[in-house]
Amino acid sequence: MHMIKTEQVVIVGAGLAALYAALKLAPRPVVLISPDPLGYGASSAWAQGGVAAAMAQSDSPEDHARDTLIAGAGTVSSEVADFVTQAAREHIYDLSEIGTAFDRTKTGDYVLSREAAHSAARVVRVLGDRAGAEIMRALIEKAQKTPSIQVLEGVLAEGLEQSEGRVTGVYITAASGSDPILLQGAAHLLAGGGSGGLYARTTNPARICGQVIGIAARAGATIADAEFVQFHPTAIDVDEDPAPLATEALRGEGATLINAAGERFMATVHPDAELAPRDIVARAIYQQTQAGNRPMLDTRSVLGAQITTLFPSVAAACQRHDIDPARAPIPVAAAAHYHMGGIATDLTGQTSLSGLWACGEAASTGLHGANRLASNGLLEALVFASSCALSIAETLGPSTSVAHKITPTFHERSTEPNPKAVLALRQAMTDGAGVVRDAAGLQNTLAIIAALEDTHKDNTSFCNMTATATLIAAAALLRTESRGAHYRTDFPEPCDAQEERSELTLATALALRASVVKDLP
């Protein structure tokens, strides 16, 4: 096998967490592994709401941390919540200096929106509903002007090399398919996104299917909180994959949820109605959908034609499907949106594998618990990307040389997963490990995953997906209660004895899967 050794830090991913870490590492040389052209294919660019931070004088990091703990339904690390919320303000200022055009009032203050489960308006917005895209634009522009940063576009990571108990390299291929090349860097950081694409309806880019979590899991890394998958309540229910998103900020502005009969159903579900925690709203919408009641988001009376200027991304998605939100409600459905689970890390971003760091949605830091507080995702990515950069720099010591940029040459061959197998996997996860779960459905999902994996065991990329899918379903089967985004009809109440984070290795999950398959008729 061809091998490349470099003094660069190898960063798997090219979204917000990856780019921010690369900039924080400068002038230390880094190389980013990006399957798509820079700025495309990353979930970060699709984030609409903004970044949660206590910027108002009437707000505080302590209040932000308290809201985070409450939303996380008992499994948030209070140490991590304090760490992240205390750091939030400095990263907003940092992004502003980099060139992010946050929305401002006439007096120069940040425009702040209130989103679900926040006790105050503290979501810093950019161009209405284009926070992710605008932050990514600023980071990309800065990265392209930074000589120490190299981006390998059209390249995919598919495995880790380990030697003498530590991670020493990343196996990479051409995204279109090729023989692998071993890339050995000075250090290795996984920042390659979550798992939304493992579900039939998702708001994530198509390529985000849990592969990076699977890469770490197959190397033996500890995976935390795998069962906690957040389903966004208001994906726009149209024939588009991935589903476009109707940001929560719309409900913050007063938009209501109604069904086909015109009934506002959230008022009878939770005291906070449309601004209840995401898991509660998602389940209510899911139940309306299952009952054939066609849930919809009504922005007409609170926004009218202003939706076009205040929320241009939502308006554009509606326009693509001949929906005029100024005149008609927007059909919505629950969709896989964010994975609270992932590669377990400490406050420095280090994983259970020596020599490997992780940040962004691929990581599970303890901030989100069972149910991520709205707009804490981008914040966590910023804080832990910075932590990873600092830890890597301290581990490697001063940079004494300028690394030469690498130019891998791939030998092309077909290595992409079978599309029908991917569709079958996504449907199995939706049916058995989706918004509402029970033991029988989870066991059936594990059996389908096992059969698909056995049929396609020679495809590394697909096996990375099935590894993460197995971990999600196994962790969900082991958690015999309902908590946050994890809801089981056979155990509908929370259990005090299970009010803690889960940790699982792939070996343990595979053993459970084998036992389930053996016992099924």
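Two notes before we start. Residues are numbered from 1 along each chain as its sequence is written, and side-chain values use heavy atoms, with hydrogens and water left out. As the model is a prediction, local features need pLDDT of at least 70 and side-chain atom pairs count only at pLDDT 80 or more, while totals for chains, interfaces and linings use all residues.

Helices (H or I, at least four residues) and strands (E, at least two) are DSSP runs, numbered from the N terminus. Two strands pair if DSSP finds at least two bridges between them. Contact means heavy atoms within 4.5 Å.

I begin with the sheet of five strands. This sheet is open, its order is β7-β3-β2-β11-β18, and the pairing is parallel. Which strands stand at the edges? They are β7 (149–153) and β18, and each has a single partner strand, so one side of each is left without a neighbour in the sheet. On average, neighbouring strands here are turned by 20° against each other, direction ignored. For angles in general, axes are lines fitted to C-alpha atoms, for helices over the stretch in contact, and the angles run from 0 to 180 degrees between N-to-C directions.

Inside this sheet, β2 (residues 9–12) and β3 (residues 30–34) run parallel and are joined by four bridges. Ile11 stands opposite Leu32 in β3. Helix α10 packs on the sheet and touches β2, β11 (187–190) and β18; its direction makes about 165° with that of β18.

Leu396 lies in that helix, α10, which covers residues 376–396. The cut-offs are under 20% relative accessible area for buried and over 50% for exposed, with partly exposed in between, using a 1.4 Å probe and protein chains only. Apart from neighbours within four places in sequence, Leu396 is in contact with Val9, Arg28, Ala186 and Ala187. Leu396 and Ala187 are 209 residues apart along the chain, yet their C-alpha atoms are separated by 7.9 Å.

Next is an open sheet of four strands, with the order β19-β17-β12-β20 and mixed pairing. Its edges are β19 (363–364) and β20 (503–504), each with a single partner strand, so one side of each is left without a neighbour in the sheet. Strand β17 (residues 342–344) runs parallel to β19, and two bridges join them. Ile343 has Ala363 of β19 as its bridge partner. Helix α5 (residues 211–218) packs on this sheet, touching β12 (223–224) and β17, and its direction makes about 40° with that of β17.

Thr345 lies in the loop between β17 and β18 (356–358). With a relative accessible area of 12%, Thr345 is buried. Its contacts, leaving aside neighbours within four places in sequence, include Ala363, Ser364 and Thr365.

Now strand β16 (residues 330–339). Ten of its ten residues are buried, so β16 is largely enclosed by the rest of the structure. Strand β13 (residues 229–236) runs antiparallel to β16, with six bridges joining the two. His232 has Ala335 of β16 as its bridge partner. Strand β15 (residues 296–298) also pairs with β16 in the antiparallel sense, over two bridges.

Last, helix packing. Two packed helices are described by the angle between their axes and the distance between the axes. Helix α12 (residues 439–455) has 17 residues and reaches 25 Å from its first C-alpha to its last, close to the 24 Å expected at 1.5 Å a residue. That expected span is 1.5 Å times one less than the number of residues. The buried residues of α12 include Leu446, Ala447 and Ile449, and its buried residues pack against α11 (419–432), α13 (460–478) and α14 (506–519).

How do α12 and α14 cross? Their axes come within 9 Å and cross at roughly 105°. That makes α12 roughly perpendicular to α14; angles under 35 degrees count as roughly parallel, over 145 as roughly antiparallel, 65 to 115 as roughly perpendicular and the rest as oblique. On the α14 side, the contact is made by Arg513, Val516 and Val517.
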